[in-house]
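Look over the sequence and the model first, then read on.

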Amino acid sequence: MRVFDPEPICCGVCRREATGIGYAPKQGKPVLWLCEEPECISLGKAIFHMMPKTLTVTEALALQDAGADAGAYLERLGKFNLSELTEKEWSTFLTTILNAYGENMRKRVTQAIAPF
Ligand SMILES: [Zn+2]
């Protein structure tokens, strides 16, 4: 789902903190705010114009990718009961999901707009 916050809050690509950079096709149009990641900045236009259904599917797939990465982290720890994680491990688990989501969104949107 595209987020058009009146002010920079969430990056329209990776959902991390947005800065003052954004994409809008012309003045007076809603702005898709972006973070400082150069790849997010270059993908802002593609996200802005992506069909909502395609974007929703892409986000769902990126979230599944992130879940797989977080699952791989749990496998490395050998812990599958989340209540057994230490505070640090829980933090790493959550950070893995957050970062992997952004990485996979950038990768999937790049692939979707790549000329073949
Ligand atoms: Zn971003």
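Buried means under 20% relative accessible area, exposed means over 50%, and partly exposed lies in between (1.4 Å probe, protein chains only). By that rule, both Cys11 and Cys40 are buried.

This is a predicted model, in which local features need pLDDT of at least 70, side-chain atom pairs count only at pLDDT 80 or more, and totals for chains, interfaces and linings use all residues. Residues are numbered from 1 along each chain as its sequence is written, and side-chain values use heavy atoms, with hydrogens and water left out.

**Overall layout**

The chain has three helices and two strands. Helices (H or I, at least four residues) and strands (E, at least two) are DSSP runs, numbered from the N terminus. Along the sequence they follow the pattern β-β-α-α-α. The C-alpha atoms fill a box of roughly 50 × 35 × 25 Å, taken along the principal axes. Of the 116 residues in the chain, 34% are buried.

**The zinc site**

Which residues hold the zinc ion as protein donors? They are Cys11, Cys14, Cys35 and Cys40, each through its SG atom, at 2.3 to 2.4 Å from the ion. Donors are N, O and S atoms within 2.8 Å of the metal (3.2 Å for Na, K and Ca); water is not among the atoms, so sites may look incomplete. The donors follow the spacing C-x2-C-x20-C-x4-C along the chain.

The four donor atoms subtend angles of 105 to 114° around the zinc ion, so the arrangement is tetrahedral. Four donors count as tetrahedral if all angles lie between 85 and 135 degrees. Cys14 is buried, at 2% relative accessibility.

**Cysteines and disulfides**

A disulfide is a covalent bond between the sulfur atoms of two cysteines. Here the rule is a pair of cysteine sulfur atoms within 2.5 Å. By this rule the count comes to zero disulfides. Cys10 is in none: the nearest cysteine sulfur, that of Cys11, is 8.3 Å away. Cys10 is partly exposed, with a relative accessible area of 26%.

**Salt bridges**

Side chains of opposite charge can pair when their charged atoms come close. A salt bridge is a side-chain nitrogen of Lys or Arg within 4 Å of a carboxyl oxygen of Asp or Glu. How many does a search of the whole structure find? The search finds three salt bridges.

| Salt bridge | N to O distance |
|---|---|
| Arg15 and Glu59 | 2.8 Å |
| Arg108 and Asp65 | 2.8 Å |
| Lys79 and Glu89 | 2.8 Å |

Take the bridge between Arg15 and Glu59. Arg15 lies in the segment before β1 (21–23) and Glu59 in helix α2 (residues 52–77), so the pair ties together parts that are 44 residues apart in sequence. Arg15 is partly exposed, at 32% relative accessible area. Glu59 is buried, at 11%. Arg15 also has a positive phi of about 70°, although it is not a glycine.

Next comes the bridge between Arg108 and Asp65. This pair also links distant parts of the chain: Arg108 is in helix α3 (residues 87–113), Asp65 in helix α2, and they are 43 residues apart. Arg108 is partly exposed, with a relative accessible area of 24%.

The remaining bridge joins Lys79 and Glu89. Lys79 lies in the loop between α2 and α3 and Glu89 in helix α3, so the pair ties together parts that are ten residues apart in sequence. Is Glu89 buried or exposed? Glu89 is buried, with a relative accessible area of 14%.

**Helix α3 and the surface**

Leu82, Trp90 and Leu94 form a nonpolar patch on the surface, with about 260 Å² of accessible area together. Patches are made of residues with over 30% relative accessible area and no salt bridge: like charges are joined within 9 Å, nonpolar side chains (Val, Leu, Ile, Met, Phe, Trp, Tyr) within 5 Å. Accessible areas come from the Shrake-Rupley method with a 1.4 Å probe; for residues, only the protein chains shown count as cover. Trp90 is found in helix α3. Its relative accessible area is 37%, which is partly exposed.

Ile97 is found in helix α3 too. Ile97 is partly exposed, at 25% relative accessibility. The C-alpha atoms of Ile97 and Asp65 are separated by 8.7 Å, with the two residues 32 apart along the chain.

Technical notes:
Tetrahedral: all angles 85-135°; square planar, octahedral: opposite > 155°, others 65-115°.
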